Amino acid sequence: MSIADAVRISDDLRRIVGPGRVLDAHSDLAVFECDAFVIEKHCPNVAVFPETTAEVAAIVKLCNKYRIPFVPRGAGTSLAGGGLPVGGGVMIIFTRMRAILEVNLHNRYAIVEPGVVNASLNKHLVGTGFHYAPDPSSQGACTIGGNVATNAGGPHTLKYGVTVNHVLGVEIVTAAGDIVQIGGPAEDSPGPDLAGTIVGGEGTLGIVTKVWVRLTRTPQGVRTMLAVFDSIDDATQAISGIIGAGIIPAALEMMDQGILVAVEQAFGFGFPLDAEAILLIEVDGLEVALDVERDQVTTICSNHGAREVRFAATAKERLQLWKARKQAFGAIGRLSPSYCTQDGVVPRTKLPHILQRIRAIGEKYSLRIVNVFHAGDGNLHPILLFDERNAGEIKRVLDASYEILDECLACGGSVTGEHGIGLEKLSFMNKMFTDDDLDVMTRFRDALNPDGQLSPGKLLPTAGACGMEQVHPGRRAAL
Ligand SMILES: Cc1cc2nc3c(=O)[nH]c(=O)nc-3n(C[C@H](O)[C@H](O)[C@H](O)COP(=O)(O)OP(=O)(O)OC[C@H]3O[C@@H](n4cnc5c(N)ncnc54)[C@H](O)[C@@H]3O)c2cc1C
């Protein structure tokens, strides 16, 4: 984008949204140069903060007029570089569209703007007997718009499903700038599930400006447990044991020793630092059944070698356990300056194997890797620790990440469970899908985004590209 174009479009954008909601000075834009995938950096030329759908539509039409690419951004917590403006362009940031427009308990839905922070919706619902189920660990920061675009998961999606199971409808601004509603408050719309395709479209199929989310009855009771293991293998076998016994916990999360140490240093919860792994297990439902289920889970863990199973006796203790899990990422700053969180999936029974391989890959590349993940779903999050000022280390992080993801595929799994492809994993699309599969997906994307100006360089590899596609990095960390 030329400087002249940037100046012209900034002036026009100011005419649409007003002077205080457009940034075009490099010093202001630097903060948007990356998201939580800190390795690749792409700086937008202009950032704009709309407050209404009409403003979004006008912004998109303006970008089309100047043939300038544009990308939506929520809170920027993507761990896959999803919100990066590849090659520059206009970044449309949704943090000012954060109204909860309606809560309809009779019909069990809420209508929210895309910039509503996930946890804010549940805070708003306290006392109603309902909640919004998808709960990414980043829920204190990430937005519902970002969750829809990535089809976000979270600890409680083991029982309740991922975002797509909780979205009834969306309003989008198309790549051409038209405002379209797909689905709505009713449970089922006739025809193909178009709303379901926008969810997980990673911002390449339309810009979400309103979401009808399903509200879920808050369970009558809950039991939260912490099982302590001396061996990772035993912990993973216990996971298979619990699911194999026909119990579907609301959540089943695992933390290994590396992450435990960081969490303990940060919060001082009294976790045993010599344990190789802990499982955070929650069952919920009707009060009358919960103690039985809790005892079954305890027995299964003990039979698989758990040294100890602790119970959260009060709501405060439960909150503390969840704080340890959900803020584990924040504690990583104690271990290293930067980290890269991977997001592979394997069949649950392959967990012992993949965790051994991750350890071996860490040793091969001389990298420290810690694990905190949605074990019940087989959704791994190996966290590779590094210093982003060290170019050699960054190469090793990427090589090790690719090797871990290759191993997930070899196990019959996937290269993403919830974070999406973004620009980080484009090269894996050719490994997971055939050319014909990709062709169909590309034709669908092109039908909604014909000029490719909306979120270019994301999700689908460029036609004909194969192997390790490299989206021209604007800048790579350390370079
Ligand atoms: C500490 C930490 C923990 C995390 N835990 C989880 C977890 O448990 N589960 C999980 O699924 N993810 C998790 N994530 C990843 C991340 O939080 C999710 O991908 C989240 O959904 C991104 O939301 P966001 O608002 O930050 O979106 P952004 O990062 O801003 O954008 C993400 C993608 O959504 C697109 N997008 C954003 N807004 C819109 C819109 N209005 N319309 C269309 N497209 C849009 C962007 O273009 C981009 O492709 C975690 C991240 C961190 C840093």
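Buried means under 20% relative accessible area. The model discussed here is predicted.

Q: How many bridges join β13 to β15?
A: Strand β13 covers residues 221-229 and runs antiparallel to β15. The number of bridges joining β13 to β15 is nine.

Q: Which residue of β15 is the bridge partner of M254?
A: Strand β14 (residues 251-256) is joined to β18 by bridges. β14 is also joined to β15, by six bridges, and the two run antiparallel. In β15, the partner of M254 is L279.

Q: Which residue of β18 is the bridge partner of M254?
A: β14 (residues 251-256) and β18 (residues 368-373) run antiparallel. Two bridges join them. The β18 partner of M254 is F373.

Q: Why are α8 and α13 roughly antiparallel to each other?
A: Helix α8 (residues 232-244) and helix α13 (residues 351-364) have axes that come within 9 Å. Angles over 145 degrees count as roughly antiparallel. α8 and α13 are therefore roughly antiparallel: their axes cross at roughly 150°.

Q: Which residues of α13 make the contact with α8?
A: α8 passes α13 in a right-handed crossing. From α8, the contact uses I232, D233, T236, Q237 and I239. By class, the contact has five nonpolar, three polar and two charged residues. The α13 residues are L351, P352, L355, Q356 and R359.

Q: At roughly what angle do the axes of α13 and α14 cross?
A: Helix α14 covers residues 391-410, and its axis and that of α13 come within 10 Å. The crossing is right-handed. The axes cross at roughly 160°, and that makes α13 roughly antiparallel to α14. The angle asked for is roughly 160°.

Q: How many charged residues does the contact of α13 with α14 have?
A: On the α13 side are H353, I354, R357, I358, I361 and K364. They meet A400, E403, I404, E407 and C408 in α14. By class, six residues are nonpolar and one is polar, and the number of charged residues is four.

Q: Which strands are the edge strands of the four-strand open sheet?
A: This sheet has mixed pairing and the order β1-β3-β5-β4. Each edge strand pairs on one side only. They are β1 (22-23) and β4 (70-73).

Q: Which residue of β3 is the bridge partner of V22?
A: β1 and strand β3 (residues 46-48) pair in the antiparallel sense. The pairing runs over two bridges. In β3, the partner of V22 is V48.

Q: What separates the C-alpha atoms of R476 and I39?
A: R476 lies in strand β20 (residues 475-476). At 18% relative accessibility, R476 counts as buried. R476 and I39 are 437 residues apart along the chain, and their C-alpha atoms are separated by 5.8 Å.

Q: Is V170 buried or exposed?
A: V170 lies in strand β9 (residues 167-173). Beyond four places in sequence, V170 touches V148, V180, Q181, I182, I198, V208, K210, V211 and W212. Its relative accessibility is 0%, so V170 counts as buried.

Conventions
Residues are numbered from 1 along each chain as its sequence is written. This is a predicted model: local features need pLDDT of at least 70, side-chain atom pairs count only at pLDDT 80 or more; totals for chains, interfaces and linings use all residues. Side-chain values use heavy atoms; hydrogens and water are left out. Axes are lines fitted to C-alpha atoms, for helices over the stretch in contact, and angles run from 0 to 180 degrees between N-to-C directions. Angles under 35 degrees count as roughly parallel, over 145 as roughly antiparallel, 65 to 115 as roughly perpendicular and the rest as oblique. A crossing is left-handed if the near helix is turned anticlockwise from the far one by less than a right angle, and right-handed if clockwise. Contact means heavy atoms within 4.5 Å. Ala, Val, Leu, Ile, Met, Phe, Trp, Tyr, Cys and Pro count as nonpolar, Asp, Glu, Lys and Arg as charged, and the others, Gly among them, as polar. Two strands pair if DSSP finds at least two bridges between them. Buried means under 20% relative accessible area, exposed over 50%, partly exposed in between (1.4 Å probe, protein chains only).
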